[in-house]
Amino acid sequence: MKFETPATTNPIDQLKHIGKPTPRIDGPQKTTGTAPYAYERHDRAPDAAYGYVVGATIAKGRITGIDASRARAAPGVLAVVTAQNAGKLGKGEKNTARLLAGPEVEHYHQAVAVVVAETFEQARAAAGLLRVDYAPAKGAFDLAAAKGSAESPKDPPDSHVGDFDKAFATAPVKLDATYTTPDQSHAMMEPHASTAAWEDGAVTIWTANQMIDWGRSDMAATLGIPKAKVRLVSPFIGGGFGGKLFLRADALLAALGAKAAGRPVKVALTRPMMFNNTTHRPATIQRIRIGATRDGKITAIGHETWSGDLPGGGAETAAEQTKLLYAGANRLTATKLAVLDLPEGNAMRAPGEAPGLMALEIAIDEMAEKLGLDPIEFRIRNDTQVDPAKPERPFSQRQLVECLRQGADRFGWKDRNATPGRRREGRWLVGMGVAAAFRNNLTMKSGARMRLQPDGLVVVETDMTDIGTGSYTIIAQTAAETLGVPLKQVVVRLGDSSFPVSAGSGGQWGGNSSTAGVYAACMKLREVAAGKLGLDPQKAEFVDGRVRVGNDSRPLIEAARDGELVAEDFIEFGDLAKKYQQSTFGGHFVEVGVDAWTAEVRVRRMLAVCAAGRILNPTSARSQVIGAMTMGTGAALMEELVVDKRRGFFANHDLAGYEVPVHADIPHQEVVFLDEVDPVSSPMKAKGVGELGICGVGAAVANAVYNATGVRVRDYPITLDKLLDGMPAVA
Ligand code: MOS
């Protein structure tokens with residue numbers, strides 16, 4: 001099915017299942033421990049041995065020698081695989097650094113070996129006996145120092161609208177400020193883990209991967225075997241946040257280890273390996289300049305951002321939202337990329353927008369203060385319903401102003417004291433902050449296969465993944481809606497590369513795109529089923545388990561009487577995304593208390609009001625947003641990978657040193673979705689929410705801290721050492 005013109009009324013609009021709060025259908029499997037994750041015992045790999053990954057202890061240089069003799073002789077050891085005996089390996093299209101180092105080492109904890117043994121403990125013990133000698137080389141590890149040598153990457157190109165320099169120079173009110181965000185880690189609960197088994201030159205890998213087809217292609221490319229010889233199975237994933245978008249070392253080393261040992265092998269990265277072996281969200285330095293008239297109209301807005309990555313890697317695209325979020329005739333965005341020899345930087349939840357809005361939405365708060373305007377009013381005055389660079393190109397839907405207005409009412413914004421540091425409750429200085437949320441809505445081709453079984457069950461098969469987001473449930477809702485059957489009659493099978501290729505879970509495109517693909521396949525099944533029943537597919541209605549044309553009504557199950565019906569289709573998207581800017585919007589509201597003596601920050605209340613198209617399942621959508629608000633709070637107050645600038649690695653590499661919020665850090669959170677259907681997005685009229693939820697949270701917290709204390713911190717995370725010196729005198 002090609003989606004080229006805005007959706008009209010279709011079976012999804014019945015809203016018998018779609019739009020209803022629906023508990024996740026995979027909940028019982030997860031809560032009873034019967035959901036098969038990658039590191040479980042799999043039927044076809046019952047006797048899997050254990051692989052332990054050894055990481056490089058230098059950040060850059062060469063391996064000069066490997067002595068594996070003691071490791072090989074250790075009890076239980078079955079194989080030791082290094083670049084010396086792994087055979088020729090290619091490199092996946094989506095990987096910047098190779099997943100097995102040698103002889104070059106590109107980053108700290110890049111894998112140099114996997115030791116395979118009968119038990120995990122034997123593998124770990126033997127790994128300690130492996131001797132690897134290195135010739136270290138000098139690397140670049142400090143973004144601030146490398147900033148001067150940063151260059152413009154191909155993507156994204158810089159953008160210029162009007163004459164920014166002139167408009168900024170002549171603006172009556174202006175701001176020129178620099179903000180920094182640190183390197184951050186996905187820190188998902190389930191580590192990167194894979195179990196691999198070979199049979200007749202083909203490998204099956206049970207793994208934790210958000211994008212099955214990308215992983216399958218890159219595994220084939222790395223091993224140098226046809227894609228048809230690689231099967232990836234990833235039905236349950238314990239969180240990804242972008243860290244599992246790509247093939248990683250666990251999967252490759254499980255495959256290599258299994259080949260060397262001649263039997264199935266499982267590999268999980270230990271927590272301390274995850275931070276430096278895998279990818280992370282790169283640190284940024286961002287300079288923002290805003291010029292405005294005295295009545296608060298933006299005349300010039302400029303956003304430049306610097307980040308670093310390994311040679312061949314990409315930039316953190318933190319200026320992109322500034323092209324679209326606010327009006328203004330003169331505009332500039334620029335992205336600069338420096339070479340850094342730290343572990344690979346890559347996508348983490350709302351890559352680009354999340355750190356970009358952490359800076360931009362403080363700048364907007366600062367500018368509002370200079371203008372003597374309420375920060376919500378300042379945002380409203382600079383709303384735009386069209387792409388500011390191409391006024392003929394409207395937003396398909398844009399309810400930012402409604403999000404901010406409704407949020408202000410619900411949160412009690414009128415009680416905020418505009419003068420910082422004035423509200424005191426006992427030992428607490430109390431402040432409120434607001435920020436806009438913005439994240440683009442991307443659409444991706446997505447396929448599915450439907451089966452109508454003789455027993456009446458409807459089976460959906462697609463390689464879509466569920467990373468805790470609720471994919472199983474919204475896909476079941478979609479099939480139930482389109483085919484007119486009860487939810488419990490739908491069986492959803494996900495995350496297997498033997499199923500049709502889907503959009504996968506990334507960039508918050510998964511929910512809308514994958515359900516649209518299932519909708520397309522269901523419409524195909526309707527045709528097949530109606531035809532089988534001798535009914536006109538164009539006129540047939542599918543309701544209450546029956547297929548009806550006028551007075552002629554038959555049970556759907558009759559269509560499968562002679563055997564299972566199978567139908568397959570995919571959704572692909574035309575150029576509606578060119579004609580319309582498709583984005584999602586929100587307003588984040590935060591109240592904090594800051595201890596007047598110690599500067600400890602406690603978040604007290606949070607509210608998000610979101611406008612993101614049709615909400616397919618308010619229960620799982622809300623979960624996505626409160627999770628994202630929690631992650632945004634972590635980014636604001638605690639998360640930071642600390643760079644050892646001499647040796648080139650992240651020094652804090654566990655959940656004791658890399659702090660993420662726990663329950664005690666997070667207060668009452670409220671999420672409101674505005675009524676919205678976006679017929680431009682897909683037949684589902686839905687958009688993404690999973691990344692929107694984090695966008696702007698950090699700045700809302702920062703602005704609340706400023707309102708509480710009068711201390712403006714522009715370098716995240718906002719730890720108390722950055723506040724103490726500027727705190728108001730207390731008695
Ligand atoms: Mo997302 S950072 O594309 O999983």
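Q: How do you know how confident the predictor is, and where is confidence in the protein lowest and highest?
A: The protein averages a pLDDT of 97, and 100% of the residues score at least 70; pLDDT is the predictor's confidence in each residue, from 0 to 100. Confidence is lowest in helix α14 (residues 576-579), with a mean of 94, and highest in strand β14 (residues 284-292), at 99. This is a predicted model, in which local features need pLDDT of at least 70, side-chain atom pairs count only at pLDDT 80 or more, and totals for chains, interfaces and linings use all residues. Side-chain values use heavy atoms, without hydrogens and water, and residues are numbered from 1 along each chain as its sequence is written.

Q: What makes β4 and β12 edge strands?
A: The open sheet has seven strands in the order β4-β6-β2-β13-β10-β11-β12, with mixed pairing. Strands are DSSP runs of E, at least two residues long, and helices are runs of H or I of at least four, numbered from the N terminus; two strands pair if DSSP finds at least two bridges between them. β4 (77-82) and β12 (230-233) each have a single partner strand, so one side of each lacks a neighbour in the sheet.

Q: How do you know that β11 and β12 pair?
A: Four bridges join β11 (residues 202-207) to β12, and the two run parallel. Within this pair, T204 stands opposite R231 in β12.

Q: What makes α16 mostly covered?
A: In α16, 13 of its 13 residues are buried.

Q: Why is D200 called exposed?
A: D200 has 74% relative accessibility and therefore counts as exposed. D200 lies in the loop between β10 and β11, with a positive phi of about 50° although it is not a glycine.

Q: Why does D544 count as exposed?
A: The relative accessibility of D544 is 65%, so D544 counts as exposed. Its place is in the loop between β24 (541-543) and β25 (546-549), and D544 also has a positive phi of about 50° without being a glycine.

Methods. Buried < 20%, exposed > 50% of the residue type's maximum accessible area, 1.4 Å probe, protein only.
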